[in-house]
Amino acid sequence: MTAHIHVSSDSSSVAVFSLSNDRISYLFQVSPEGFLEHLHFGAKVIPAANYPSQAKRLHRGCVLEFQDSTYYNLSDVAQEYPVFGTSDNRNPALHLINADGNSTHVFRYASHEIVDDKPLIEGLPSARGGNSQSLIVTLLDEVTKLAVELCYTVYDQHDVVARSSRVINNGDARVTITQIMSSCLDLPAADYDLMHLKGTWARELNQDRMPVPKGRFVIESATGSSGNVHNPFIAVMDRSANEQQGRVFGTAFVYSGNFAINVEQGEFDSVRVTTGINPFNFQWHLDAGESFAAPESLQVFSDAGLNGMSQIWHRFIKQKVSPERFNGQPRPSYLNSWEAAYFDIDESKVLALADITKSLGLQMLVVDDGWFGGRNDDTTSLGDWYPDKAKFPEGIESVAAKVKAKGLKFGLWYEPEMVNPQSQLYRDHPDWIIGVPDRVSSKGRNQLVLDLSRQEVQEYLFSRIDSVLSCGNIDYVKWDMNRTMSEIGSANLPRDRQLETPHRYMLGLYRLVDRIVSKYPEVLFENCASGGNRFDLGMLHYMSQGWVSDMSEPIGRLPIINGASHLFPPCVLASYICPVPSHLNGRQVSLKTRAEVGFFCAARGLSLNVEDVEKDFEALQYYAKLYNETADDVVNGKFYRVQYQDNEVVWQLNSADGNTVYLGYFHILSAANLPFRRARLLMLEADAQYQLLDKQSAASELSFGGDALMNMGLDMPYVCAMQPDQADYLEKGDFASRLFVFKKI
Ligand code: GLA
């Protein structure tokens, strides 16, 4: 095993912890005061007697010295788990109010333990272990008897350090946690950029890069879900880093609720990255004898730029985060009823859609919204998870059986966490919602959020979903969640615990989801929240894929998939061919471009009605076949961002064995007299020959050396409206695309 934790101590009994595999190291030491001083995260450093960089103890103007230590100012000491109030003025990892009413604590090293593999965090999603070692360090505050456990896991095969923290109240009185971060990474002073993924509904996950500013840059959510405004992911990198080179430190949070990631450049230019539950509007009482476990934070190091970082995330998420059951499994191609029929579905329409699904050669029919209660629009019935008798007189289970009898898989949509005021569930249990006394609850899409912190709510939802899944004919579930929380409180909690509601909700949600996916391991679950409103590693731990955005129109989707690819591998991304003009932005995009953008997500299909399908039947059959034949390559392949500019995007996907290479070229707006462009391919074998199979290209059937494709680059087809259609030209007009396929020979 190469993942290894080494502990050294010299004569002054200062321990240095060195966690490494063959490529990376994470180092910290115990200072004479008992603090955990961070030494290094980056490329491998072999454990040594001395290290060339250390926390300084030198005179500086106008600084505090920690208690009795001379010149030891914690505001410029890199630390593993800092607190506020004892000379470090930066944002802390931990802030709590103790029984004396103050927030001053000094957590010193007490003990450590090294364990093979990786402990789980009970009740919360976390990465799996395997070929890994973990270090658990316990810190103690003498005065309050509070303990903090910090857990670090290193892996043989993954350049990831998994981290979490836990506070244990060994005192005899209640304390109140107001801030508990899962990880803190203090980087030495240097010029860094940061990159995060931002957006809103239907424009999620757009990449945004900027210099790390002085002060504090925060991405966060406070609405009960990780959100579509910021994804719980950040990369801090050398300013000179680009897609292919440079040091990148990536952080992703394995949590689906309120989060905060802070990047703080302090007065002495060092940079602190803290990741955890958002402290805003959060408070947690910890009574004597209780402990609080913070969710997991994952940290990646790459010295091969952003693409290098993405490769590490992709492999890790595939192998250690998303459910094992569907790892490497090709996803079924599908027809989804949503943009085909919206709420206007019934048994005969479903069976008609099933027939065209089958005749196109697709593999699964998904019945989206509209099958339950009296759901004819979005004003009613969420919560009433009984098949609509008017639409499905014999129940949804019987329709599922009929669809399966046609040789298709069958999928079903749920939005379990929600209730419409117009529903039997709400009439029966008006107190089952997230809400506060004497206030009107704000609505989103005419619905309210159920209080999943309550066990009876979890039980109700489990029994409703179980009653349908137990028929054995449901192959896939799309688990949706279409509004965030407001007026946040729980009728089930006392006054002084109201601010615990969002985290208790997450614990309840994870408990419910875990129970369902464990009972139905053969069902493929897709995470959705109005698209990407909760697209995070917490949900992806239970569900193998996600509907990354409601933006189904491919040009609008390009920046979303490009941004998502920084963290997420294609195997967790779902996509479909949408109708034209787009219902989301009115754009009219060719079927070819719609299908070729969608190609780079593993769960691929379409959402078209019978008339739309009939218009393009043969072309759709062609793409269904292409999707089926390449399903294994996309789920198991390696995805690379080759180019991303305002008007042009180039993506590459190499099959797992490297024998097939797909290159997608997407040209957004047409113009006259454009420059000729090339794309340099990545990660080919320099001395192998690659034969181009794309029939549309003049160069078709030619073979090229891997070295030439990577170093000279491949000519991209030319956009020119004045020429007749030719292989070297892209189709005329806006929103054109070309999918090249190479076979290694
Ligand atoms: C959300 C989802 C869509 C669709 C609708 C159904 O908006 O993101 O894909 O399922 O709900 O109401």
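Lys406 has a relative accessible area of 28%, so it counts as partly exposed, where buried means under 20% relative accessible area, exposed means over 50% and partly exposed covers the range in between (1.4 Å probe, protein chains only). The model is a predicted one, in which local features need pLDDT of at least 70 and side-chain atom pairs count only at pLDDT 80 or more, while totals for chains, interfaces and linings use all residues. Residues are numbered from 1 along each chain as its sequence is written, and side-chain values use heavy atoms, with hydrogens and water left out.

The side chain of Lys406 meets that of Asp355 in a salt bridge, at 2.9 Å from N to O; the term stands for a side-chain nitrogen of Lys or Arg within 4 Å of a carboxyl oxygen of Asp or Glu. This pair links distant parts of the chain, since Lys406 lies in the loop between α4 and β23 (409–414) and Asp355 lies in helix α3, 51 residues apart. Helices (H or I, at least four residues) and strands (E, at least two) are DSSP runs, numbered from the N terminus. Asp355, at 41% relative accessibility, also counts as partly exposed. Just after α4, Gly407 takes a positive phi of about 90°.

The two helices themselves can be considered next. Two packed helices are described by the angle between their axes and the distance between the axes. The axes of α3 (residues 347–360) and α4 (residues 396–405) come within 10 Å and cross at roughly 20°, which makes α3 roughly parallel to α4. Here the axes are lines fitted to C-alpha atoms, for helices over the stretch in contact, and angles run from 0 to 180 degrees between N-to-C directions; angles under 35 degrees count as roughly parallel, over 145 as roughly antiparallel, 65 to 115 as roughly perpendicular and the rest as oblique. Glu347, Val350, Leu351 and Ala354 of α3 make the contact with Val399, Lys402 and Val403 of α4, contact meaning heavy atoms within 4.5 Å. Within α4, Ile396, Ser398, Val399, Ala400 and Val403 are buried, and the buried residues of this helix pack against α3, β22 (364–367), β23 and α6 (455–469).

The structure holds 41 salt bridges. In one of them Glu296 pairs with Lys118, the closest N and O atoms being 2.6 Å apart. Glu296 sits in strand β20 (residues 296–302) and Lys118 in the loop between β6 (108–116) and β7 (132–141), so that the pair links distant parts of the chain, 178 residues apart. Glu296 counts as buried because its relative accessibility is 2%, and Lys118 is buried with a relative accessible area of 10%.

Arg239 forms a salt bridge with Asp193, with 2.8 Å between the closest N and O atoms. Arg239 is partly exposed at 36% relative accessibility, whereas Asp193 is buried at 8%. Arg174, Asp287, Asp496, Arg497, Glu500 and Arg504 are linked in a network of salt bridges.

Finally, Arg439 is found in the loop between α5 (424–428) and β25 (448–449), where its relative accessibility of 62% makes it count as exposed.
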